[in-house]
Amino acid sequence: MARVKYRFNTPAGKVFDVVNAAVLIGVGAIAILPFLYVLAGSFATEYELTTRPFFLWPNEFTTDAYASILGSSVFVRAFITTIAVTAVGTTVQLVLTALMAYPLSKIDLPGRRTIMSLVVFTMVFSAGLIPTFLIVKQLGLLDTYWALILPAAINPFSLIIIKNFFQELPKELEESAKIDGANELRILRSVVMPLSKPVLATFALFYAVGIWNDYMSPLIYLNDTSKWTLQMFLRQVTAASSLTAEDLGNELPPPAQGIKFAVVMVATIPVLLAYPFLQKHFAKGMLIGSVKG
Amino acid sequence: MTTRKRLRAPLAILTVTGLALTAACTSGGDDGDGDGGGDGGGDALSSLSIMAPYFAAVPPEEDDPIDLALSELTGVDLSVQWVPNTDYGERTNVVLAGDDIPDVMVMGKTPAFVQTAEAGGFWELTDYLNSGDYPNLVSENPEVQEATSVNGHVYGVYRSRDVIRHCIILRADWLANLGLEQPQTTDELFEVARAFTEDDPDGNGQDDTYGFINPAWPGSIGSGSPYDALELWNGAGNVWLEDGGELVPSFTTDEWMEALEYERDLVQNGYTNPDYATMDPATWNEPFLNGQGGIIIDVQSRAPQLVELFREQDPANAESYVALVGQPEGPHGTFAMPTAGYSNFLAIPRSSVETEEQLEQVLQVLNDMNSTEAQILLNNGIEGDNFTVEDDYAVYNEDRQDFTDQVSGAWAQLGTNVAGYNAYSTQPATPYDEELAQLRLDLQAEDLENAVFNPAAALASETYQSSGTQLDTLISDARIQFIAGQIDEAGVQDVIDRWHSQGGDQVIAELNELYSELG
Amino acid sequence: MATLIEAEAASGGADITPRPQNRRNVRETIVRYRWLLFLMLPGITYFALFRFWPMYGAQIAWRDYIPFLGIQGSEWVGWKHFEDFFTNPDFPRLLGNTLILAALSLFIAFPLTIVMALLLNELRLNILKRTVQTLVYVPHFLSWTVVVSLTGLLFAIGNGPLWTWLNDLMGTEINFLADPAWFRPLIVLQDVWKNTGWGTIIFLAALASVDQEQYEAAIIDGAGRWQRVWHITLPSIRSTIIVLLILQTGQILNTGFEQIYLMSNALNRSVADVFDTYVYFVGIQQGSYSYATAVGLAKAIVGVILIFGTNWIAKRFNQTGIF
């Protein structure tokens, strides 16, 4: 179909295409430049960072910052832990959300309005840290990885959006599946979910990023330092300012700027890498076309 | 489309999540035997849990050699819950709401702590500490111990810090270029700031320098900012001032207003960095290193940091850049700014340490943890492993740097040193470093004699607990707005009036009542 | 079985929830919806356990909560915290600042996200499209701390690259970071920079579901570029736009804390103080969880009213609501 589009492009359309491409390349550059500075800074010496205002390539190249982060076995362990928790957590959260979103997308489901109202209420009002902590504790989830996954298992926002996508799917396929004798679970599994790949991929990403960046849950729920996730160690480096060192008494110098930048990179790049894998699902829109075809 | 696929996969997932949930629910019962629970009842403690912040990149783990050595030294199984310093306060609140509270917690005198202590959440230690039963916990500095108290009630063993830390750091090479002496008075300091701005101290023929480097200060008033220092030097007192037996806020004095004019002139004449209201304190060293600014009012430990950075830049002349000067004399006398003298304290929650016998046992452990032997473990590490002793100095083994970092960034946080610091100091790397270290000690001794303490440090006013942050911010914002030329003296007065009417009057009344009670 | 399914399918379009008349009907409803109800079970359990059960803790809004004393043990003070909040002399200013920032986000950042998604959708070169998509979503992963310190670097007086460029452009020296007039533009700028690319993801997911045959048919009918966007692309994401809009109105009093806190300073505080920063000072720094909870509840009630209100309006105009 790309061929069809090109064949019928008008001169004005061609101008638009060029301008559009130029504008978006510009926008992409603006988006990435500060990030590239952080990347360059993570390979620069402390002296260069304090004396040069902004640069995209360090004069003197050093990997000391990365060596000091990645050299520690604790970081490697935390890294693996975080990847595992993120993978399992994303799956659990996405499945739970989809399972709840599907029935709610049926507008004749009794009690649907009530449930939706309650869900909306939880979106604007959360009970707060301490009561949630007490529940997690009562459920015996303290010091388990489930404490990082289950309390945030269904995001009301994600639930509502996914529900709406399900609701908009053409009814024909579901109905023909029903006539074939499929039950709801099977329809969800083999009709609705495949058709909703783009939105499910999107929210898989949202959930994954949420778990990956979560700092509060491990801080509150995990006593055992051997279970800690990456963010617990990274935040300590990035959030410490030169002034907090005053509490120390024994004059430990503040973390170097280069290490802070390297930490930002270590924390960011793995999730960035996840995106292209999910991106391919965004192009699968033709599925709906097959419904009618 | 494959609508005929079997249902195994989704069912499996459902079962797994269902199992997870039920497993979660059923395992709730056997949670009670955590660290805190085992200490319940009136039995003697066999283990002691301590919650403490850490600054290091990575906290020590359970099998840490220091942990083992301390456990052996104190005779109890010591377990430390390390919490990243950045969010320590958040964690303590949550822990206090639960029911397995550690036996000892590092706490600060925050409103939350005062509330909890006054509600009976922590043991009052005043009599125990003064009894002399715990010789290593008898403070060498009773004023500091008094300052850690809540209206005279001491709730913790404080972690001792240098009482004098503030100083003036100047570009020594600029002083030399201009033939200036080190400033000894605030007027001379002003003159140096002028010369650093107008007289081309770097000799490059361009008007590209200024005197003072002030960052945007994260705290409000009385938080050790350069402004607080200048005001105190001018005789405005330390946050509160005793005037005829009454406590009055510093910022209501004429000396304070005078100091504000001094600060304003520094800014309006261009003798201060133009981004003083917004500069990130993390970048404080940069203008000094880059030769843009030449005066920093901050703690002494910034000086060796700067020397290190100059060593990277210009190893040959690194020792000629930094001048460290003691606190100057003001027009109304000589006053020096002290720190609080402590940074948080080790408090003992009553819900985990239930009986007096247990309390005495915990205090004995803390006493043992402040012996010379324990101080060396907490501050230096393990002799022969990560350091050796030469000439009474600790010399660290570079191969064990990670471990040393954990000692100084984590274990040292358990040290109180209230009866004096007996561990080894780090051996200075060069004669210059040794000189600098000695200079710092001399300046500390000199300034200590003129130190002006906050007379209200120990007093906890109820109104201040509930609205102090907002009240203080009113004043520190007005200060910057005045310096920036946005409001005049009458404008500052308006803000001070607002401070009075929005709760300040109650704070004054409550503090004075407490002050007269404590005598 | 077959008849049951057919009946269910037939009632699929009905908007009115069937109300069970008697016990037999209740049983019938349960049997009829057993699969759907079964699917919802884990979700309902989740909301009950982790979202509603902790809400008993909201009662601390009427107490002087001290964690150590527990919820029941803390003193009951009635409406004190609510009164303190609403009678606070700064309340009108906080409300004003909050609403202005929310409006800027709603009228600038939100439409920009849609425009960006549409422009991305119009890119013909697939490789370019994917690359730009990836680039614009990168800023989302930098924390506010990093974004704010990068802003400080770029706008630094004297040597910040953006400061230098803008001052040459305008001919005057402006202290962007301290000038109250520049506070809101900077906040919006940061927000747009950090979140626009990320926000497009939902729209791109919606666009991915558009039937490509429609475009081909439109082209054959001679529809131009703009007509295709107007008649096919936009309608296909209309319901997503409306749902996001409704949800965002519920967040109108939540400006977020971190970004604003980090960007505020003594000189711009008059425009920078919002509810979220205020609650931080009063609730967190001064240790009053009760006050923070009371403000949270008050904000939540406003949020619920706004969501239900906008949802109702959307329905009136025959659009999809969120219910």
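Pro53(B) lies in strand β1 of chain B, where strands, like helices, are DSSP runs numbered from the N terminus (E, at least two residues, for strands; H or I, at least four residues, for helices). The model is a predicted one, in which local features need pLDDT of at least 70 and side-chain atom pairs count only at pLDDT 80 or more, while totals for chains, interfaces and linings use all residues. Residues are numbered from 1 along each chain as its sequence is written, and chains are lettered from A and ligands numbered from 1 in the order in which they are written.

With 24 C-beta neighbours inside 10 Å, Pro53(B) counts as buried; the term asks for 20 or more other C-beta atoms within 10 Å of a residue's own, whereas 12 or fewer make a residue exposed and values in between partly exposed, with C-beta atoms placed from the backbone. Leaving aside residues up to four places away in sequence, Pro53(B) touches Val83(B), Asn85(B), Tyr88(B), Val106(B) and Gln413(B), a contact being a pair of residues whose C-beta atoms, placed from the backbone, lie within 7 Å. Glu510(B), by comparison, is 457 residues from Pro53(B) in sequence and 33 Å from it in space, C-alpha to C-alpha.

Strand β1 belongs to an open sheet of five strands in chain B, with the order β2-β1-β3-β13-β4 and mixed pairing, where two strands pair if DSSP finds at least two bridges between them. The edges are held by β2 (77-84) and β4 (156-160) of chain B, each of which has a single partner strand, so one side of each is left without a neighbour in the sheet. Neighbouring strands of this sheet are turned by 25° against each other on average, direction ignored, the axes being lines fitted to C-alpha atoms and angles between N-to-C directions running from 0 to 180 degrees. Between β1 (residues 47-54) and β3 (residues 104-107) of chain B, which run parallel, there are two bridges, and in β3(B) the bridge partner of Met51(B) is Met105(B).

Chain B also meets chain C, with 30 residues of chain B in contact with 23 residues of chain C. On the chain B side of this contact, α17(B) gives the largest share, nine residues, and the residues on that side divide into eleven nonpolar, 16 polar and three charged. Here Ala, Val, Leu, Ile, Met, Phe, Trp, Tyr, Cys and Pro count as nonpolar, Asp, Glu, Lys and Arg as charged, and the others, Gly among them, as polar.

The contact between chains A and C takes 84 residues from chain A and 87 residues from chain C. Helix α2 (residues 11-42) of chain A gives the most to the side of chain A that touches chain C, with 14 residues, and that side comprises 56 nonpolar, 16 polar and twelve charged residues.

Chain C itself has 16 helices and two strands. Its radius of gyration, taken over C-alpha atoms, is 25 Å, well over the 20 Å that the globule rule (2.2 Å times the number of residues to the power 0.38) gives for 323 residues, so chain C is more spread out than a compact globule. Of these 323 residues, 39% count as buried.

The mean pLDDT of chain C is 86, pLDDT being the predictor's confidence in each residue, from 0 to 100. Over residues 1-18 of chain C, however, pLDDT stays under 50. Where pLDDT is low, the predicted coordinates should not be read in detail.

Key:
Contact = placed C-beta atoms within 7 Å.
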